[in-house]
Amino acid sequence: MATSNSVSGIAGAPQPAMDYAHQLISSRRVEGTSVYDGDEHKLGTIHSMMIDKRSGQVAYALLSFGGVLGVGSHIYPIPWQALTYDVDLDGYRVGMNRDQLKNAPRLSLDETERPIDREHAEEVRSYYGTMPWWGL
């Protein structure tokens with residue numbers, strides 16, 4: 001049985017419920033999962049994830065955003081640590097709105113099977129204010 005617990009964070013802001021029943025999830029279940037902004041507006045879905053083949057660490061998720069039925073959509077690499085799973089939404093939250101996402105570094109659909117180079121990875125990391133996935 002899954003349990004969830006909503007807690008208040010800094011300045012009493014509500015935090016998403018946490019799923020304590022499972023520590024792991026299949027990548028197949030992550031792909032297609034919805035991503036929401038802080039106001040619970042759907043931004044898009046997880047297209048795929050890029051995983052370090054040596055450490056097994058998820059470097060970033062590729063968010064599909066915009067378009068209709070996948071046509072005309074854009075792909076945005078989002079550092080994995082910038083996403084928080086929300087049990088109540090059955091999806092991930094990211095601390096940005098639609099306009100901020102539109103200005104984020106993006107990829108074309110045909111670039112999604114190749115990892116981004118270090119320069120682009122640094123641009124993404126800097127935009128989201130996260131630590132580099134490869135460490136310091």
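Which residue's side chain meets that of Arg93 in a salt bridge at 3.0 Å, N to O? Glu40 does. A salt bridge here puts a Lys or Arg side-chain nitrogen within 4 Å of an Asp or Glu carboxyl oxygen. This is a predicted model: local features need pLDDT of at least 70, side-chain atom pairs count only at pLDDT 80 or more, and totals for chains, interfaces and linings use all residues. Residues are numbered from 1 along each chain as its sequence is written, and side-chain values use heavy atoms, leaving out hydrogens and water.

**Salt bridges**
- The structure holds 3 salt bridges.
- Arg93 lies in strand S6 and Glu40 in the loop between strand S1 (34-36) and S2, 53 residues apart. Strands (E, at least two residues) and helices (H or I, at least four) are DSSP runs, numbered from the N terminus.
- Arg93 counts as buried because its relative accessibility is 16%, whereas Glu40, at 47%, is partly exposed. Buried means under 20% relative accessible area, exposed over 50%, partly exposed in between (1.4 Å probe, protein chains only).
- Arg93 also bridges to Asp86, with the closest N and O atoms 2.7 Å apart.
- Arg125 and Glu122 pair at 2.6 Å, N to O. They sit 3 residues apart in helix H3, so about one helical turn separates them.

**Nonpolar core**
- The largest nonpolar core has 28 residues. Such a core is a set of buried Ala, Val, Leu, Ile, Met, Phe, Trp, Tyr and Cys residues joined through side-chain atoms within 4.5 Å.
- S3 supplies the largest share, 7 residues.
- Leu83 is among the residues with the most contacts inside this core. Its contacts (heavy atoms within 4.5 Å) include Val35, Ile46 and Arg93, not counting residues up to four places away in sequence.
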